[in-house]
Amino acid sequence: MSTINSLPFWWRSIGQRLTILLAGVAAVLAILSWWTVTTFAREAAEQTQDNVLVASATTIAEALRSEQGTILLELPYSAFAMLDAIGQDRVFYRVSAEGVTLTGYDDLAEPVNPVGRPGAATVRTMNYRDDMVRAVTVQRTVLAGQQPVPVLVTVAQTRTGVEAIGSELSQTAAGLSVALFVLAVGLGAVAASNALKPLNSFAQAVSRRGPADLRPLRRQVPAELSPLLIALNRLMERLGQSIRRSEEFIAEAAHRVRTPLATVRVQAELALHTVEKEEEKQMLRRIIRAVDESSRSASQLLDHATVSFRADALAQDHVDLAELAARVSDGLAPTADMKDIAIILNCRGPADVRGDAILLESALRNVLDNSVKYSPAETDINVTLDRMDDKFWRLTVRDHGRGFSAPSLPDLTARFQRGTNVDQVVGSGLGLTIAKEVLDAHGGRIELTIPEDGAGACVSLILPAA
Amino acid sequence: MRFPDLARSLIAAALLHCLGGPLAALELEDQKFYPGTGEVVLKVISTGDLEVFEPFILAFQAENPTIGIDYSVTSSAELHRALTQGAVFDVAISSAMDLQFQLANDGAAQAYTSPVTQALPVWAQWRNQVFAFTAEPAVAVISRETFAGIERPTTRQDLIALLRQNPEIFQDAIGTYDVRSSGLGYLFATQEARNSDTYWRLSELMGLRGAALYCCSAQMIDDVAAGRLSLAYNVLGSYAAERIARDDRLEILDLQDYATVMLRTALIPATATETASAGLFIDRLLQEGMRDESRVWALPPLGAAETPEARAYGPIRLGPALLVYLDRLNRNAFLSAWSDAMLQDAADNP
């Protein structure tokens, strides 16, 4: 199968193909019409000449008379005067009785079997004196004495005038055909682009969609496009189902992992209180930390699945960002306290946005959780809420940790992608991804910046105001 | 009489008439060689008198000094006969446009196109082979002395009345062309006969008055000037005007009913060898003819054919109709009618 690029450039688009095909049809029609007009024009000119020649020969034949057994002829002036009606052509004539020339050009050939009927003429094209001539012969029987004598009158004329008229008309017809062709090509191009308009608008409708938008397309399309539309909708439906199934699977798996982990943690805590040896306590603390990290990763997986799931049909609750920030920082306070980290809230509400409260909470929690995790002990984390402009709220989380490694800023929100400077800190790489997906679903965005004084990281959640 | 005998006798008569001297040597009336500085010699055969054409030839040579010109003067019939028989000439100039037309029609002329020929009016050329360069009317010339005190007739009717009422003035004092020997005279006569039946009445009257028959316009004008003729009918207007300019014994009769206008034509014969020089010569002729007033000759310009009185009947159309009166049967019929009218004195009848 040939790929589109192996085709010549003018054959790659349907519009161009249609235009070229229509132009081809127009060219064939133009040539055909030129040929038809030319042929008819030539035939008409030839017919006209024939008629004039017949009239001339008949006029001469009518002037034949007989007097006392002698055949007399006075060539009528009009018989020759009419012959320059078509053009400047050479004229030859011969009047003969039984093979004997009465007058005219002796060597002008006469037909072997002339039509004898009165009013009928024999018409020939022949070569005479180095020129093609059209010759007309009429026969009239004259009574010479007692004897009827058939007299042949032949009038011949060269065809210069006929050819001049023919080629003139042919040129006119050629001009008209070219004009017709140009017009047809123009109209063809318009028609082709018009016919392709539904296809183009269909393609635009598909490409305008967001990356996660798998809703079926609902459009009026021409009959030719409806199989494509149906196939595309079916494909999107299957794709959506498949994505949903895997998210459900992940959520289920995360949920199932989290519950036994909680049990393991409780048991490990109990064991910590019962053992005496410092080595054993250390061992158990390591177990508890590992279980915590696993539990946290499982939560994030669950969060991520929740985001994917809930973003499809986003709730439109009223959410106060100030209240949300307070709630999330309260939730993380115990963990922060363990490292002597202070979360300083600078949020004055109300800051209303519309959206899914659970998702927004999950987004902020993941961001703040990251900050707590990567901040060294005894530092501050500032959470600030401000109005960015008349359309957006900005919720900024600023820590004094190791910050982002500069080259990796845009990649950090990709799934399972972690910074280059994370060293021994355990993490899944899902936190910022979750935050970004939530904000995308709400029509907002996430901004990662390095603060001006260089220490720590700054993450801004930007959301449209309600 | 049985038909074949009849046909044979007809043909014999026709042959006798047309070919006066079959394959005879070319009879020249005049000849002059104008040497050029180069080797090219243009052979011109013409019916135009040397004195009329010499200034033109000298003007042409002044512009093209390398071309030598061999100028031969002959009658229109001789010219036609010579070219039909294949005589070698580079340019043929004739006042008998019917014979020139027949030469072209029968393939004895070759085509020539140049910006000058394309500037010609359509009616003044045929197939780029025959080119007209003057338009000359046939006129009647009278002697002032004889016509002293006589009111000038303004139509042919008036002229007929005048001839009829004054036998003493016009008896044996009328000159006209002998149409049997003069191609131009035959052309004028046939075209006039076609235009008006007064021609025949005039001819009968001229025959009655014992008209003298001439081969050429110049001689007729000479005889009018000398007082031997009172009236010369159907004289070439150009010759007459040129003579009257320097001879006050002559006068052109202003006949207003109609005018027969002949086109003087030139062609390049098929036998021509110096076709390039012949083309230059034709171009120069046509340029002179298209000028309103020529400085080199006294011939009327081509534009004379477009004056209102000339347009009424002419100029004689350059077309196949010219073949009609050249047809031997028609010629015989016309000449016999003409002879009946003109040669009433049996002694003059050959």
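Predicted model: local features only at pLDDT ≥ 70, side-chain atom pairs only at ≥ 80, totals over all residues.
Colleague: Is Val264(A) buried, exposed or partly exposed?

Modeller: Count the C-beta atoms around the residue. Val264(A) has 16 other C-beta atoms within 10 Å, so it comes out as partly exposed.

Colleague: Now helix packing. How do I describe a pair of helices?

Modeller: The general idea is that two packed helices are described by the angle between their axes and the distance between the axes. Take helix H1 (residues 14-63) and helix H3 (residues 160-195) of chain A: they pack at an angle of about 160°, and their axes are 8 Å apart.

Colleague: Are H1(A) and H3(A) roughly parallel or antiparallel to each other?

Modeller: Roughly antiparallel, because angles over 145 degrees get that label. The crossing of H1(A) past H3(A) is right-handed. As for who takes part, the residues of that contact divide into 24 nonpolar, ten polar and two charged.

Colleague: Which way do H6(A) and H9(A) run relative to each other, roughly parallel or roughly antiparallel?

Modeller: Start with the geometry. Helix H6 (residues 278-311) and helix H9 (residues 431-441) of chain A have axes that come within 10 Å and cross at roughly 15°. That is why H6(A) is called roughly parallel to H9(A). Here the crossing is left-handed.

Colleague: Which residues make the contact between H6(A) and H9(A)?

Modeller: From H6(A) you have Gln300(A), Asp303(A), His304(A), Val307(A) and Ala311(A). H9(A) brings Gly431(A), Thr433(A), Ile434(A), Glu437(A), Val438(A) and Ala441(A). By class, the contact of H6(A) with H9(A) has five nonpolar, four polar and two charged residues.

Colleague: On to sheets. What is the strand order in the open sheet of five strands in chain A?

Modeller: Read across the sheet: S9-S11-S12-S14-S13, with mixed pairing. The edges are strand S9 (342-346) and strand S13 (445-449) of chain A, each of which pairs on one side only. From one strand to the next, the twist averages 15°.

Colleague: Why flag a positive phi?

Modeller: Because most residues other than glycine have a negative phi. Asp340(A) is a case to look at: its phi is positive, about 60°, although it is not a glycine. Asp340(A) lies in the loop between helix H7 (321-338) and S9 of chain A, and it counts as exposed because it has 10 C-beta neighbours inside 10 Å.

Colleague: Where does Asp172(B) lie?

Modeller: In the loop between helix H7 (167-170) and strand S8 (174-177) of chain B. Asp172(B) has a positive phi near 55°, and with 11 C-beta neighbours inside 10 Å it counts as exposed.

Colleague: What about chain B overall: how many helices and strands are there?

Modeller: Chain B has 14 helices and twelve strands. Of its 350 residues, 46% count as buried. Among contacts in chain B between residues at least 6 apart in sequence, 80% join residues at least 24 apart.

Colleague: Last one. How many residues of chain A are in contact with chain B?

Modeller: There are 23 residues of chain A in contact with 21 residues of chain B. On the chain A side, the elements giving two or more residues are helix H2 (77-81), strand S3 (91-97), strand S4 (100-104) and strand S7 (147-158). By class, that side has twelve nonpolar, six polar and five charged residues.

Conventions: Residues numbered from 1 in each chain as written. Chains lettered and ligands numbered in written order. Contact = placed C-beta atoms within 7 Å. Helix = DSSP H or I, 4+ residues; strand = E, 2+ residues; numbered from the N terminus. Nonpolar A, V, L, I, M, F, W, Y, C, P; charged D, E, K, R; others polar. Axes fitted to C-alpha atoms, helices over the stretch in contact; angles between N-to-C directions. Parallel < 35°, antiparallel > 145°, perpendicular 65-115°, else oblique. Left-handed = near helix turned anticlockwise from the far one by under 90°. Pairing = 2+ DSSP bridges. Buried ≥ 20, exposed ≤ 12 C-beta atoms within 10 Å, placed from the backbone.
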